[in-house]
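Here is a friendly walk through one protein model. Have a look at the structure below, and then we can go through it together.

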Amino acid sequence: MFLLAHSFGGKLALTHAAEHPADDLLGVDISGCGHRYAPGAEQTLRSRDGRAAWQFHWGPLRLYPAGTHTTSRDLVTPMPPRETADALSWPEAFRQLAPRIRVPVRLTFAEHERWWCHDARAVDEIRGALADAPAQVERQPDAGHNLSLGWAARTYHLRALDGFATHLKQRAPQPVPNAPQPTPSAPQPVPSTPQPAPVPYP
């Protein structure tokens, strides 16, 4: 199993990796989720102001194909209050969960990510918190928080699939060097099938 997650889904993926370290979990690849909110992000979450959150979610319009923001308008709803409360508590939750994660983790921050701190200091803090997990932190140029909906989506998803293939190959059973090979057995004769006796015509 390989978890590919975005934003709030990234919180769920990291929580699963910490609380269910199953042998079949190959790794976690997450975009749009960090460990410490950027200036103004918590205030925007608390305000539940959709207009204020718009720039945090999207960034410059040029990063997305034409019509991206209008075709999905009817699918977008305000975040439920319980989910908002969970989001606000995430920095503390991350501090508790990160030391328990053992599987490979890759975090990708968009160039125009505004929800999360992703400067050099923040990256060092993330790597330090995930000390027991092979952790990578990358940046995706020309992308906003919703990078899977923008022009950068193909580049990001191909990299995620390549990471999955790498983890899958590393987990595959390796041949044992100099292992004795089974000796092929001699072919066995095939018993002949008895033919029925001819029936005389009357």
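What follows covers a helix, a central set of strands and some aromatic pairs in this predicted model.

## Helix α1 and its surroundings

Let's begin with helix α1, which runs over residues 8–19. Its twelve residues reach 17 Å from first C-alpha to last, close to the 16 Å expected. Phe8, Gly10, Lys11, Ala13, Leu14, Ala17 and Ala18 are the buried residues here. Their cover includes the strands β1, β2 and β3, along with the helices α5 and α6.

Strand β2 is mostly covered, with five of its five residues buried. Gly27, Asp29 and Ser31 point one way, while Val28 and Ile30 point the other way. In a regular strand, side chains alternate between the two faces of the sheet.

β2 pairs in the parallel sense with β1 over five bridges, and His6 stands opposite Ser31. With β3, β2 also pairs in the parallel sense, over four bridges; there, Val28 has Val105 as its bridge partner.

## Aromatic pairs

You will find six aromatic pairs in the structure. One of them joins Phe2 and Phe164, whose ring centres are 5.3 Å apart; the planes lie at 45 degrees, so the pair is tilted. Phe2 belongs to strand β1 and Phe164 to helix α8, 162 residues apart. Phe2 is buried at 19% relative accessible area, whereas Phe164 is partly exposed at 30%.

Phe56 and Trp115 also form a tilted pair, with ring centres 4.7 Å apart, and both are buried. The charged end of Arg114 sits over the ring of Phe56, 4.6 Å from its centre. Elsewhere, ring pairs link Trp54, Trp58 and Tyr64 into a cluster.

Technical notes
Residues are numbered from 1 along each chain as its sequence is written. This is a predicted model: local features need pLDDT of at least 70, side-chain atom pairs count only at pLDDT 80 or more; totals for chains, interfaces and linings use all residues. Side-chain values use heavy atoms; hydrogens and water are left out. Helices (H or I, at least four residues) and strands (E, at least two) are DSSP runs, numbered from the N terminus. The expected span of a helix is 1.5 Å times one less than its number of residues. Buried means under 20% relative accessible area, exposed over 50%, partly exposed in between (1.4 Å probe, protein chains only). Contact means heavy atoms within 4.5 Å. Two strands pair if DSSP finds at least two bridges between them. Rings of Phe, Tyr and Trp (its six-membered ring) pair if their centres lie within 6.5 Å; planes under 30 degrees apart count as stacked, over 60 as edge-to-face and the rest as tilted. A charge sits over a ring if NZ of Lys or CZ of Arg is within 6 Å of the ring centre and within 35 degrees of the ring normal.
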